[in-house]
Amino acid sequence: MTLTRATLALIVVFGALAACSKPESDSPFAPGVAQTGASVDAALVGHRLISAGEHELAIKAFSRAALEDGLTSEILLGLGSAYLGLGRVGQAEQLLRDAVAKDESSPEAWNNLGVTLMEQGEIAEAEQMFRRAYALDNGESDSIRDNLRLALAKQENSVYAEAEEQDYKLVRRGSNDYLIRSIP
């Protein structure tokens, strides 16, 4: 029986120790910001969010990064890429032009700027951007090469079609009344 009492005593002691290891607060809310922990790089978070397709959250992450580091070429490139992912081509173009102005050696910035120009129908200028990106990348990126090929193909096919003769004529009848008639 002495063994049983000793076992029982150990169980009581371990139970008491387990009860003492409760969290400091029984609050149902999330803990606050850890004052001793290092923060994660906001630009890295932004790049990961773009990869995940979360472009709006990426814009917020890059904005936080801009507050910490300023508008570097990497942050401008990230913001421009996020806006491009959202289809905001005009905003993306300006940010990417600023990124290229700050760092002319970034093939990603030149490529993304070319994509924005292609979206706007500026095929000749987009081709030049893709050529620069391809040269800076030493031809290693398949996506840049494919974008350049697409721009070259679109530029070759952008000739004006010959004027077609119309067999119809628009005839005005009254102040706001029009009629389409065939030409005899």
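**Helix packing and loop residues in a predicted model**

The crossing of α3 and α4 is left-handed, a term used when the near helix is turned anticlockwise from the far one by less than a right angle, right-handed being the term if clockwise. The contact (heavy atoms within 4.5 Å) is made by His-55, Ala-58, Ile-59, Phe-62, Ser-63, Ala-65, Ala-66 and Asp-69 of α3 and by Ile-75, Gly-78, Leu-79, Ala-82, Tyr-83 and Gly-85 of α4. By class, 9 nonpolar, 4 polar and 1 charged residues take part; Ala, Val, Leu, Ile, Met, Phe, Trp, Tyr, Cys and Pro count as nonpolar, Asp, Glu, Lys and Arg as charged, and the others, Gly among them, as polar.

The structure is a predicted model, in which local features need pLDDT of at least 70 and side-chain atom pairs count only at pLDDT 80 or more, while totals for chains, interfaces and linings use all residues. Residues are numbered from 1 along each chain as its sequence is written, and side-chain values use heavy atoms, with hydrogens and water left out. Helices (H or I, at least four residues) are DSSP runs, numbered from the N terminus.

Helix α3 (residues 55–69) packs against α4 at an angle of about 165°, and their axes are 9 Å apart. Axes are lines fitted to C-alpha atoms, for helices over the stretch in contact, and angles run from 0 to 180 degrees between N-to-C directions. The two helices, α3 and α4, are therefore roughly antiparallel to each other, the term for angles over 145 degrees.

Helix α5 has 14 residues and spans 20 Å from its first C-alpha to its last, close to the 20 Å expected at 1.5 Å a residue; the expected span is 1.5 Å times one less than the number of residues. Val-89, Ala-92, Glu-93, Leu-95, Leu-96, Ala-99 and Val-100 of α5 are buried, meaning under 20% relative accessible area with a 1.4 Å probe, protein chains only. The cover over these buried residues includes α4 (73–85) and α6.

Ser-106 lies in the loop between α5 (89–102) and α6 (107–119). Ser-106 counts as buried because its relative accessibility is 10%. Leu-77 and Leu-136 are touched by Ser-106, not counting residues up to four places away in sequence.

Asn-138 is in the loop between α7 (123–136) and α8. Although Asn-138 is not a glycine, its phi is positive, at about 55°. Asn-138 has a relative accessible area of 63% and is therefore exposed (over 50%).

Asn-147 lies in helix α8 (residues 142–156). Asn-147 touches Asn-111, Val-115 and Phe-130, not counting residues up to four places away in sequence. The C-alpha atoms of Asn-147 and Glu-127 are separated by 8.4 Å, with the two residues 20 residues apart along the chain.

Terms used: Parallel < 35°, antiparallel > 145°, perpendicular 65-115°, else oblique.
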